[in-house]
Amino acid sequence: MQILGGQLLLNDDGDRARIAPGFVRIEGQQITEVVEGEIPSSLDFGGPNALIAPGFIDTHLHLPQFDMIGAHGMPLLQWLSDVTFPAEQKWSNVDFARSMTRQALQQCANVGTTGICAYATVHHPSTLAALDEATMFGMRGVIGQVLMNRNAPENLCRESKQLIDEAAATIQAYPPHGRMAAAITPRFAVSCSSDLLSAAGTLASQTRAMIQTHIAETKAECELVNDLFDGVDYVNVYQQSYLLTERTVLGHGIHLSPQDRINLRDSGSVVAHCPTANSFLRSGAMDRRSLVDDGVRIALGSDIGAGYERSMVRVGRAMIETASSRGNVFPSAAQAWHQITAGNADAMGWSDSGRLAVGRPADLVVIAPDIPWTSGDVDPLAMLMFAWDDRWIKQTFLHGRKATETQS
Ligand SMILES: [Zn+2]
């Protein structure tokens with residue numbers, strides 16, 4: 001049993017987080033008590049100036065890309081062929097993939113991330129190894145074997161039937177609704193034939209597994225999809241393949257028409273906004289406001305390694321900055337804190353994550369800012385987000401287990 005006390009980050013106020021003093025009791029793998037009020041004087045973790053937050057959730061990242069962050073200066077399609085595909089080829093070695101997964105998960109935990117929606121590579125044994133490592137590590141989330149059968153190096157492409165059989169095997173081994181589950185992961189329409197996309201959509205409806213892919217990240221990619229699919233636009237390519245569901249997470253969604261947004265809203269699919277990756281590859285600044293106004297469900301992701309920030313707090317800040325660069329209506333820090341915790345959990349359909357609540361898995365972060373953030377005139381949640389320092393993270397709990405490597 002452990003008591004964590006300080007300012008609690010609570011998500012019971014619509015789309016924004018709030019803070020209140022109090023404590024959280026964890027026993028074994030679970031949260032067994034959440035009490036607002038006086039901060040106990042005897043604590044295992046925290047203190048009057050600490051923030052106790054639900055673990056952060058990253059809804060779009062690539063495990064094999066943690067070693068190639070910072071390959072700057074290329075647009076998406078060149079970045080894929082020059083840097084990303086060579087990095088992913090290294091996952092043909094299962095031991096390499098396993099070790100890299102472990103390191104990537106540790107990096108996530110060190111910045112407070114306890115839930116991930118992640119891509120592996122096309123390699124089936126390495127995807128299973130990544131799922132196994134993530135399970136042992138205690139991470140919440142999904143990982144998917146990337147499906148590609150064209151427009152990628154030959155050794156990263158497979159026959160459609162083999163890919164679908166292997167994806168089905170990963171789902172059988174790591175079924176939906178497990179703490180760690182397999183996701184159906186066609187990389188994007190450019191690297192998948194229409195047969196492969198349809199087979200992936202069919203497998204998704206048979207298994208109810210989550211689906212993750214990319215959409216409308218750059219204009220050149222949208223034009224290529226148009227050419228490859230006889231003039232059918234990007235959203236409809238996925239729609240016709242039964243890939244737009246309430247369990248679908250679409251990375252990026254920058255270059256969307258008003259009709260695209262309506263179609264996405266009607267499908268219930270989630271767009272994972274990745275502001276740091278978008279600025280890094282100069283793909284464009286997503287019009288988050290229009291998506292929200294049109295009722296499209298939105299999540300937030302780091303998109304490592306096009307995204308260069310592993311910390312979801314910094315990605316939350318980038319979401320605010322990207323939106324404010326486009327106009328005067330932008331999310332507040334309280335909304336950004338909500339997004340990286342409960343907002344992302346809700347978008348993933350994870351009712352066991354994102355909130356400090358009794359009975360939920362103890363996925364928590366203990367943060368000890370070195371600034372007097374609760375006593376000034378500035379909104380405390382804004383001060384924390386904009387002055388953020390990863391060294392403030394004192395401990396990350398994954399399913400009740402201490403997972404932070406670097407402590408001071
Ligand atoms: Zn991505």
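In this predicted model, helix α11 (residues 312-326) and helix α12 (residues 333-348) pack at an angle of about 130°, with their axes 9 Å apart, and the two helices are therefore oblique to each other, a word for angles that are not under 35 degrees (roughly parallel), over 145 (roughly antiparallel) or 65 to 115 (roughly perpendicular). Helices here are DSSP runs of H or I with at least four residues, numbered from the N terminus, and angles run from 0 to 180 degrees between N-to-C directions of axes fitted to C-alpha atoms over the stretch in contact. The contact, meaning heavy atoms within 4.5 Å, is made by Met312, Val313, Gly316, Met319 and Ile320 of α11 and by Ala333, Ala336, Trp337, Gln339, Ile340 and Asn344 of α12. These residues divide into eight nonpolar, three polar and no charged, where Asp, Glu, Lys and Arg count as charged, Ala, Val, Leu, Ile, Met, Phe, Trp, Tyr, Cys and Pro as nonpolar, and the others, Gly among them, as polar.

The largest cavity (grid points, 1 Å grid, where a 1.4 Å probe fits but cannot get out) holds about 90 Å³ of space. Its lining, residues with an atom within 4 Å of a point, includes His62, Trp79, His214, Glu217, His252 and Asp303, and helix α1 (residues 76-89) gives the most to it, with three residues. That lining divides into five nonpolar, four polar and three charged residues.

Residues are numbered from 1 along each chain as its sequence is written. Local features need pLDDT of at least 70, side-chain atom pairs count only at pLDDT 80 or more, totals for chains, interfaces and linings use all residues, and side-chain values use heavy atoms, with hydrogens and water left out.

Key. On a 1 Å grid over the protein atoms alone, a cavity is a set of points where a 1.4 Å probe fits but cannot get out, and a pocket is an open set with protein on both sides within 12 Å along at least five of seven lines; lining residues have an atom within 4 Å of a point. Grid points are joined across faces, edges and corners, and a volume is the space filled by probe spheres set on the points.
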